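Have a look at the sequence and the fold before reading on.

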Amino acid sequence: MESDHNNNIVQSYVSDYLNTLMPKHTGILARLEQDAAEQQIPIITPEVASLMEVLIKTTNPKHILEVGTAIGYSALLFCLAAGLESHLITIEREPHLIDTARANIDEAGLTNQIKVMPGDATEVLPCLTEPVDMIFLDGAKGHYTQMLEHCLNLLKPGGLLISDNVLFRGMVASEEKVKRRQGTIVTRMRTYLETITHHPQLKTSLLPIGDGLAISLKLPK
Ligand SMILES: C[S@@+](CC[C@H](N)C(=O)[O-])C[C@H]1O[C@@H](n2cnc3c(N)ncnc32)[C@H](O)[C@@H]1O
């Protein structure tokens, strides 16, 4: 699991303390947290998970779209928070992760609510037509700007677009922190942040939690 220990966004003593306060998940979510840690599969951090649970329970989305499934942890967490009438589509390009995510979704009894769509999100997104109440971007990090207009077409007015990893281990905020071969993704993420903070259809809040989270409200027309 990605943690504050390797992203330098929140000092580790603060995030460690906050995490001691969070009630631990049980059942399949606890098992997936363990699997992700053991297999070094990045999943949303506990502080992002709890914020998403609060946002979902506050806004009550019925249709959620996610980019970046991995093993299905966040898809399950979102759907469990959103309740029995919710539906979630999640896009993943790695075949072995798609198989694992589908098995986990099946085990959780949520096959009727969660659909894993295989493929590259930049190609899958333009094919989607059903309007959604919430979008969570957590994959294809170098392509957030490219995906934005498709997301805005799908997102209903009043819906939330939530983008994870927007500070990219702090590199987006400081030139000194940019590591070799990460320059392109950092430049693209800065362009994305400029775009969503100045976009006429969006009101965006940027939070230095997890690996950096942007919460953008699609304004009513
Ligand atoms: C951080 S992980 C997702 C974690 C998941 N949201 C969770 O918290 O449980 C990012 C995932 O996005 C997938 N991904 C990266 N680029 C992608 C693309 N262009 N299209 C679809 N999936 C992509 C990766 O294979 C990886 O599984």
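Helices here are DSSP runs of H or I with at least four residues, strands are runs of E with at least two, and both are numbered from the N terminus. The span expected of a helix is 1.5 Å times one less than its number of residues.

Some housekeeping: this is a predicted model, where local features need pLDDT of at least 70 and side-chain atom pairs count only at pLDDT 80 or more, while totals for chains, interfaces and linings use all residues. Residues are numbered from 1 along each chain as its sequence is written, and side-chain values use heavy atoms, with hydrogens and water left out.

**Helix α3**

Let's start with α3, which covers residues 27-39. Its 13 residues reach 18 Å from the first C-alpha to the last, close to the 18 Å expected at 1.5 Å a residue. Which residues of α3 are buried? They are Ile28, Leu29, Leu32, Glu33, Asp35 and Ala36, where buried means under 20% relative accessible area, exposed means over 50%, and partly exposed is in between (1.4 Å probe, protein chains only). Looking down the axis of α3, these buried residues fall within an arc of 165°, so they line one face of the helix; the arc is taken over the directions from the helix axis to the C-beta atoms.

Turned away from the buried side of α3 is a face with the exposed residues Gly27 and Glu38. The cover over the buried residues of α3 includes α5 (73-82) and α6 (95-107). Just after α3, glutamine 40 takes a positive phi of about 55°.

**Salt bridges**

A salt bridge is counted when a side-chain nitrogen of Lys or Arg lies within 4 Å of a carboxyl oxygen of Asp or Glu.

| Pair | N to O distance |
|---|---|
| Arginine 93 and glutamate 94 | 3.9 Å |
| Lysine 156 and aspartate 133 | 3.1 Å |

Arginine 31 sits in α3 and glutamate 107 in α6, so their bridge ties together parts that are 76 residues apart in sequence. Arginine 31 counts as partly exposed at 28% relative accessibility, whereas glutamate 107 is exposed at 53%. There's a network here too: salt bridges link Arg31, Asp35 and Glu107.

Aspartate 133 counts as buried at 19%, and lysine 156 is partly exposed at 32%. As for the remaining pair in the table, arginine 93 is exposed at 55% and glutamate 94 is partly exposed at 32%.

Threonine 69 is in the loop between β1 (63-67) and α5. Is threonine 69 buried or exposed? At 3% relative accessibility, threonine 69 counts as buried. Beyond its neighbours within four places in sequence, threonine 69 is in contact (heavy atoms within 4.5 Å) with Thr90, Ile91, Glu92, Ala101 and Val116.

Leucine 21, by contrast, counts as exposed at 53%. It belongs to helix α2 (residues 12-21).
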